[in-house]
Structures are given as structure tokens and as C-alpha cells.
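Please look through the structure below before reading on. The paragraphs after it go from the model as a whole to its parts.

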Amino acid sequence: MAHEDHDAIYDLLAARGVSRRDFLAYCGSIAALLGLSEAYVPQIAAAVNRGARLKPAIWLNGGACTGCTEAIAQADSPDVATIVLEILSLDFIETLSMAQGEDALAAAEAVFEEPGYILIYEGSVMKGFDGNALRIGGITGLEELEHAAPNAAAIVAVGSCAVDGGFVMARPNPADATGVSMYLQEKGIDTPVVNLPTCPVNPEWVVAILVDVLLLGTLETGAILDKLDRHGRPKYIFGQTIHDNCPRRGHFENGNFVYEFGTEQEALGYCLYPVGCKGPQTYTNCPIVRWNRRASWCVEAGSPCIGCGSLDWVDVGAPFLNRHRDLPLPEVGNTQPNTIAGVVAGIAAAGLAVHAVGMKATGRTSGGAPYEEMKERDKKRMKKGGGE
Amino acid sequence: MARAVVDPLTRIEGHLRVEVEVNDGVVTDAWVSGGLYRGMETILLDRRPSDAFYVSQRICGVCPVSHGHASTMSTEDALGITIPNNARIIRNLIEAAQYIHSHILWFYALAALDYVDPVKALEADIADTYALAQAAGTGVSDFGAVAQRLQTFVDGGQLSIFTNGWFGHPAYAQDMPAELHLIAVAHYLEALEMQAVAAEIIAIIGGKFPHFMTSVPGGTTFVPTEQKLDDILFRFMRLNDWVTNTMIPDTLAIAPFYAGALEYGGGHGNFLSWGMFNTESPEMTDRYMPGGVVMTGRGLTVEDPDPAQVVEFVEHAWYDSPTGLHPSEGETNGMFDEYNTDNRYSWNKAPRYDGESIEAGPLSRMLVSYLRGVQPVQEIVDGALAALGAAGRPEVLVSLLGRIAARNLETKVVADWSLEWCNELIEAVAGGDSSYFQPHSVDQGAGAGLWEAPRGALGHWIDIQSGKIARYQVVTPSTWNVSSRDAEGIRGPMEEALVGTPVIDVERPLEACRVARSFDP
């Protein structure tokens with residue numbers, strides 16, 4: 001791309017109130033998030049040029065705790081102000097909209113009339129009590145979704161609740177909750193849905209997907225669909241397990257474990273598998289992207305992963321602090337490295353000492369590592385979870 | 001007579017409908033309706049107590065830390081677990097971070113637009129804005145750049161989250177200078193940064209926010225390193241500076257233009273606090289913000305809180321479970337017939353304390369702490385009362401403006417304590433205390449976690465049988481505040497606070513929205 005093109009873009013951005021430095025910073029971080037090289041930064045930058053008009057977007061809250069709205073407020077590249085002032089025209093979002101009542105709904109209605117907007121959905125789809133488990137503006141949440149979905153260019157289901165009902169659909173599912181894509185399928189509405197699980201959603205993923213569809217134009221070309229797995233999740237985010245990228249992985253391999261919270265082993269940063277870590281079966285890139293502007297993430301704070309990014313995460317993951325002897329085989333996508341499948345299969349099949357599984361099943365030691373003697377502590381505590 | 005309906009009430013957590021009856025420009029009756037039923041308490045049945053720590057946080061994505069703690073404390077109460085001192089301090093710190101986060105977010109991102117008109121800010125003179133900021137003793141931003149960003153945004157013609165806002169509404173203080181509107185807009189943007197800094201502290205201690213990971217029954221999984229302690233302290237210092245030098249001066253600068261809001265919005269005048277931030281004593285009344293009950297109808301005095309006095313009614317809510325039960329025996333069986341303000345009209349039950357409809361929140365905590373002689377609370381409240389021309393009259397706090405002031409002043413008190421607690425933890429760790437978790441076995445017992453979310457009194461009640469949850473009930477702050485009418489037809493606290501609110505424009509009842517939003521529901 002020629003320099004003069006750059007300058008034209010920067011002028012346009014300056015007119016929108018975005019500084020050149022800020023813009024390059026967020027294009028760079030976006031490229032990294034999308035797994036693209038720096039070479040794509042000009043392409044991302046150029047894409048901005050296409051849209052003199054901000055893309056209209058609507059954020060609906062279903063059976064939500066508002067945690068995903070909270071999460072998006074924690075984004076920093078770009079930050080939430082940039083998103084709502086200079087990237088999207090987010091004309092309706094219950095938690096942030098200045099407008100109230102009928103006037104707020106009218107703002108949404110104006111967007112619904114013109115096909116092509118982005119619909120972001122937070123929270124479960126509430127089918128209970130004929131949809132009256134959720135009432136907004138005198139109608140049910142179901143009616144709202146059915147009204148908003150057909151004209152949307154795409155729906156981004158943020159957080160596990162929107163993806164499959166999340167914790168709300170955990171047994172006995174008292175409010176008959178489900179996910180956006182499941183509900184739309186029932187109703188025969190074929191708007192594409194991008195699923196971004198975890199509880200709440202990680203804001204970096206929302207930003208990545210918005211850039212993907214808005215700036216790279218992958219929605220219009222259909223390219224976005226090629227980036228999704230069979231559950232509608234972007235493969236570049238949900239293609240590897242937490243275990244794959246965990247900084248504590250080395251301790252797993254070496255058989256160094258935390259058996260009780262708050263101990264010296266935790267101070268040494270040992271592996272949390274025996275206290276229930278669901279990292280081996282949970283497909284997200286949390287260890288890389290981390291949380292809250294990269295401040296930390298669950299395992300770094302001494303907590304086992306509870307698998308909030310898995311489908312049906314509560315019933316699959318609980319009891320959270322127990323090491324699962326029989327892993328329900330997770331939704332293994334097509335992109336899994338063999339090593340991971342090996343770990344999962346190994347754990348499911350074997351009642352072996354954990355460290356031995358780690359050494360052998362990863363296949364990192366060809367022909368199998370010589371098994372260590374089972375540690376005394378392991379023998380005593382094989383069936384124990386972390387706190388109980 | 002006219003009925004006005006605001007549905008949805010935006011800029012809150014969750015789904016709320018506010019319906020008011022207006023006579024001669026004043027609200028004479030009100031109904032508030034919670035719009036969502038998920039059945040959390042039913043979902044938790046037959047699971048492990050520690051699972052409730054994680055799952056029950058999902059009740060509220062704005063105050064998950066408090067739900068997590070109330071849940072964990074209920075289990076610890078049931079099983080007789082005493083947590084290590086380091087865990088106590090760490091829990092206070094993560095709660096402090098959440099309080100600061102939540103209060104900043106509420107005041108600037110949620111409530112401020114009811115008092116500040118962004119369009120009016122466009123009329124500001126930049127030089128005068130700097131002068132006003134200095135005179136008010138509040139933070140200076142690049143006001144010119146903010147004004148330009150705002151102008152560019154407005155000129156673009158797409159108003160995003162400001163679409164259909166009630167710009168130029170006559171209830172905005174007409175004498176508030178454009179420069180003060182611009183200062184507030186600039187600080188709205190800064191606040192978005194500061195709430196995220198506070199959330200980073202929660203992430204450092206708790207793994208992530210919302211929905212943190214570490215305060216499991218028995219203590220905490222977080223073992224601080226020197227580096228982590230430094231990361232936490234640095235952020236608390238930055239927040240303390242901003243709260244002290246921006247948030248508090250902003251509050252005091254804007255409040256005089258809305259002095260009329262001292263005259264209404266007080267409601268029943270009944271206040272409950274279970275007490276917040278643990279000292280080494282296990283008593284609720286020994287907490288940094290002690291527990292207490294104030295019934296102003298009986299005078300400005302405080303009594304000790306008694307959890308046995310809580311019952312929940314469901315006559316006007318969509319449940320067919322038995323009514324009038326204590327939460328330790330409570331049931332949650334949803335049913336829906338129709339929205340009817342004469343009958344059932346909300347998913348919110350009606351909790352009552354000693355038979356009274358009672359308010360929860362920062363105003364409750366600050367009043368109880370003030371009356372109990374908590375020194376930093378007395379100092380800051382007395383200072384603010386003097387600044388508002390109400391020196392020596394704490395009773396004026398029972399109002400819309402008082403409720404807002406209490407929340408903002410509490411932010412400063414907590415921000416000061418947070419630095420104290422950082423040092424307390426650093427000294428404990430440096431002194432060789434390396435205990436963070438109390439191992440325990442889980443068999444059976446019943447207990448309660450009575451605690452305070454930023455938005456008020458929170459209780460989790462648990463009954464554990466054979467290591468699993470046999471009964472679980474939660475009474476959230478918004479259950480108290482957004483309560484539907486009870487068996488006697490007595491209004492909930494928010495409904496009662498709405499009565500008497502002046503409304504200039506029935507079609508756009510901004511003043512009623514302010515009162516509802518002041519509870520931070």
C-alpha cells in the first residue's frame with residue numbers, strides 16, 4: 001500500500017477523532033488477535049476507509065447477568081469508548097443507552113428496519129413460561145429476538161449463556177433456557193451466528209470478531225464462516241486447549257502438582273490438575289489472551305480452570321474442584337493437535353498417576369517416558385479434590 | 001391523572017419496568033417490575049457447596065465478587081470453618097476493588113446522563129472549563145480534545161449509545177454551566193478507564209472479572225508474590241488519587257445544581273445493612289462498616305441486625321410457592337399468569353425485615369456507620385453536609401441526592417481503607433504468615449452468608465446434606481429494593497421512593513428514572 005493511501009486513511013481517522021498512534025496500536029493488536037502477521041495491518045487500516053458510516057449494531061440482553069456487557073467495558077485496544085463512538089453505532093444496549101423506555105426501543109426499531117446490522121446477543125434465550133421468563137418492553141425476550149434476528153447480517157452470541165444457555169440451562173433448567181443458534185434453528189431463521197463462549201465473554205474476542213466482520217469484510221464475502229468450527233466458534237480462538245498453552249504445563253509434564261490450595265506448591269506455580277483443573281478439556285486461548293487487559297487469568301491466580309468455555313459447562317464441569325476420573329470427551333474440533341487428543345483419551349482411559357499420564361500421553365517422549373514411581377502423596381490423595 | 005411507563009429502564013443491571021401514576025406533576029403511586037426469572041436457587045440443588053461459589057456469582061455480572069463471598073461464607077458458616085487471616089485481608093481487598101469499580105461505573109456511565117447533557121457540553125468555552133475545573137478542585141483533562149471528539153461524533157449524525165437520549169430535557173439543571181457538563185463528559189471517558197483499572201485488581205487477585213475464581217470455601221487460592229502485591233498497591237493508589245481528586249469534587253460540584261433532590265426520593269426511611277469488610281472479629285457489628293438497622297420513623301438510631309427477621313412474600317410476584325417464609329426455608333416455584341399491577345406484576349419477591357419494607361445499599365451502610373461512630377464515615381459525611389449547606393442534619397440524606405452522595409462518599413472511604421489493607425497484607429506476608437486456606441471436610445450443616453454487595457444487603461442461605469446442597473436461597477440487594485408489594489399491599493422501597501417525585505414531562509419522566517436508578521438496581 002502506498003504512503004499516500006495511508007495518509008488518506010489517517011486523515012479520515014483524524015476526522016473521526018482517532019489519533020494515528022492509537023489507530024496503529026489497535027490495528028496491530030487486532031492483527032495479533034486474529035492470528036495475522038503485521039503485514040495485515042495496512043489491510044486492516046485500509047478496510048476502515050470503506051466505512052465512512054459507522055456500522056449499526058444492536059446489543060440485546062436475554063437472560064443475562066450483564067457480565068458480558070461488563071466484560072466489553074474492560075476492552076482496551078480499542079477501548080469501549082472507541083468502540084461505541086468511532087467503530088460501531090451501537091444504537092441500543094440496555095446497560096449503556098442514554099435513551100430509556102419506548103424511546104430506547106424506537107432507536108432499536110429504526111435499526112431493525114434496515115437489513116445489514118450486527119446483532120450482539122448476551123444471555124440465555126429464555127423459553128420458560130411461554131417466554132415470559134424474560135419480559136422487555138411489554139413483550140417476551142423470545143419475541144424480541146425473533147423480531148431482531150432475521151434482518152441482521154450476523155449475530156454474535158457473546159458468552160456461554162448466549163451460545164447454549166450457559167449456566168441457566170444447567171439441570172434442571174428451570175426457565176427452559178437455550179442458546180441463540182439453537183433457538184433460531186427451531187424457528188427456521190438462518191442468520192449466521194458466531195458463538196463466543198466463556199463466562200463472561202472475553203472482550204478481546206468480541207473485538208477480534210467485530211474487526212473480522214467489519215474491517216476485513218469477512219461477512220460480505222462469507223469468509224467468516226470458514227473461520228468457524230462446527231459449533232460456530234472462531235477456530236483461531238477456540239482451536240486449542242488451555243492445557244496446550246498453559247504456562248504451568250511444564251509442571252504437569254514433570255509431575256509437580258498442587259494438591260491443596262494456598263500451599264507452597266501453589267507458591268511455586270505447580271500444575272492445578274489434581275484440584276480439578278479443566279484446562280485439558282477446555283478449548284479457549286485464555287493463557288495467551290489472558291483477562292482484564294492481560295492483568296492475569298484464572299490459573300495464574302491459583303485457581304483451577306472450571307471450563308466455562310465448554311458447551312454445557314456447568315453440568316460438564318461440576319463438581320469443579322474434583323479431578324474428573326472419567327472425562328466427558330469434550331467437543332473436539334477438527335483442528336486439534338494429536339497430542340491433545342492423546343491427553344484426553346489417555347486421561348479418560350487410564351486410572352494412572354497423573355504425572356505418568358502427562359509424560360506418556362502427550363507423546364512428547366517418543367516410546368514413552370520411564371514412569372516415575374507414584375508419589376506417596378498421590379497415592380493418598382488420588383480421589384481427593386482441592387477443597388473437599 | 002396519567003400513567004407513565006418506562007420499560008426498559010436502561011442503564012441498570014438487568015431488566016426493569018417502572019410504572020408511575022402522576023397527578024398534578026407529582027408521582028402518586030408506583031410499581032416496579034423485575035423482568036427476568038432464571039431459577040438460580042433451583043439450579044444449585046444437589047451440587048457441591050463449592051460449586052455454588054462459582055455458579056451463584058452469575059446472579060449478577062456487576063457484583064459477582066460479593067455473591068461469591070456470600071456463597072462461600074454461607075458454606076463456611078454451615079461447616080464451622082474459620083479462614084486464615086491472610087484470606088480475610090485478601091477478600092477485603094478484592095471486595096474493595098469491586099466497590100470502587102462498581103461505584104465509579106454507576107456514577108459516570110449509568111447515572112450521570114440523568115444530570116449531565118452531553119449536547120450542552122458542546123457550548124462550553126474551553127478556557128473557562130479549565131478555570132472551572134481548577135475552582136472546583138477537580139481533575140483536569142484535555143478538555144479541548146474531548147470537546148472536539150464530541151463535536152466530531154455529533155456531526156457524524158450517528159449517535160450510537162446516545163441515540164434518542166432526552167437531550168435538552170427541562171429537568172436538567174438549567175443553571176448548570178456548559179463547562180461543568182463538559183467536565184463531566186471528560187470524566188465519563190476517564191471513568192471508563194478507571195473502572196477497568198479497578199477490575200484489573202480483581203483479575204490479579206481473582207483471575208478475572210466479572211466472575212472471579214479464588215475465594216473458595218476455606219480461604220483463597222491466591223498466594224501473592226511480591227510482584228503481585230506491588231501491582232495491586234499501585235493500582236489502588238491510582239484509584240485513590242482519582243476518587244479523591246476527581247470523583248468526589250465532581251460530586252460536590254454537580255450536587256448544588258440538584259439541591260431539590262434533597263426534598264424527595266427518600267422512601268420508607270427504613271435501612272438495613274448486614275455489615276461489610278471483615279475485621280478479625282466474626283461479628284457483623286464489628287465489621288469496618290458495621291451491620292445495623294435504622295428505622296427513621298423511630299428516630300435516627302441504630303439496632304443490631306437480626307437475620308431471623310427476614311421473610312419473603314410472593315403475593316404480587318409470579319410464584320406459587322408458599323408465602324411469608326424465612327429464606328432458610330424458602331422455596332422458588334415460578335409461575336406466570338399476566339402482568340397486572342392489581343395482582344401479580346413482577347419476578348421480584350417481596351422480602352420484609354421485621355415486617356417492614358426496607359432499603360439496602362450504600363445509604364444504609366453509610367447511615368448505620370455514621371450512627372455507629374465510624375470515624376472516616378462521620379468525617380466525610382459531615383464535610384459533605386456542610387458543603388451542601390446542611391451541616392449537622394444527617395437526616396437530609398434520606399432523599400434522592402442523599403442516596404447518590406452516600407454511594408460516592410463511600411467510594412472514598414473504601415479507597416482509603418484499601419491502602420490500609422494493602423499494607424496490612426504486606427506486613428503479614430513479610431512477617432512470615434503463609435497461611436491462605438483452611439482444609440476441611442464437607443458433610444452437613446446449615447448456614448448463612450450475610451454480606452453487602454456494592455448495591456446493598458446480600459444473603460445466601462445454604463443447607464448441606466451428605467456433602468450436597470439440599471436447599472439454597474438468595475436475597476439480593478435488588479430483591480430488597482425492587483421488591484414488589486407484600487401481602488399487606490405495602491410498596492417496596494423503590495416504589496415508595498418514587499412516590500412524591502415531581503415530574504415535569506409525563507411522557508419523559510426523567511426525574512422518576514433518576515429515583516429508580518439511584519438504587520443502582
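This is a predicted model: local features need pLDDT of at least 70, side-chain atom pairs count only at pLDDT 80 or more; totals for chains, interfaces and linings use all residues.

Residues are numbered from 1 along each chain as its sequence is written, while chains are lettered from A and ligands numbered from 1 in the order in which they are written. The model has an ipTM of 0.97 and a pTM of 0.91. For chain B the average pLDDT is 97, and 100% of the residues score at least 70; pLDDT is the predictor's confidence in each residue, from 0 to 100.

Chain A holds 21 helices and nine strands. Helices (H or I, at least four residues) and strands (E, at least two) are DSSP runs, numbered from the N terminus. Two residues are in contact if their C-beta atoms, placed from the backbone, lie within 7 Å. Taking the contacts in chain A between residues at least 6 apart in sequence, 69% join residues at least 24 apart.

The domain assignment divides out domain 1 (53–238) and domain 2 (242–381) of chain A; such bounds come from an automatic or database domain assignment. Between them, 17 residues of domain 1 of chain A are in contact with 18 residues of domain 2 of chain A. On the domain 1 side, α8 (159–164) and α13 (235–238) of chain A are the elements that give two or more residues. The largest share, three residues, comes from α13(A).

Turn now to chain B. Strands of a sheet pair through backbone hydrogen bonds, either parallel or antiparallel. Two strands count as paired if DSSP finds at least two bridges between them. One open sheet of chain B has three strands in the order β1-β2-β3, with antiparallel pairing. Because β1 and β3 (26–34) of chain B stand at the edges with a single partner strand each, one side of each has no neighbour in the sheet. Strand β2 (residues 16–23) of chain B is joined to β3(B) by eight bridges, and B:Arg17 stands opposite B:Ser33 in β3(B). Helix α15 (residues 510–517) of chain B packs on this sheet and touches β1, β2 and β3 of chain B, its direction making about 130° with that of β2(B). Axes here are lines fitted to C-alpha atoms, for helices over the stretch in contact, and angles run from 0 to 180 degrees between N-to-C directions.

Another open sheet of three strands in chain B has the order β5-β4-β8 and mixed pairing. Its edge strands, β5 (292–295) and β8 (359–360) of chain B, each pair on one side only. Four bridges connect β4 (residues 270–273) of chain B with β5(B), and these strands run antiparallel. B:Ser273 has B:Gly292 in β5(B) as its bridge partner.

Where do the two chains meet? In all, 75 residues of chain B are in contact with 78 residues of chain A. The largest share of the chain B side, 10 residues, comes from α8(B).
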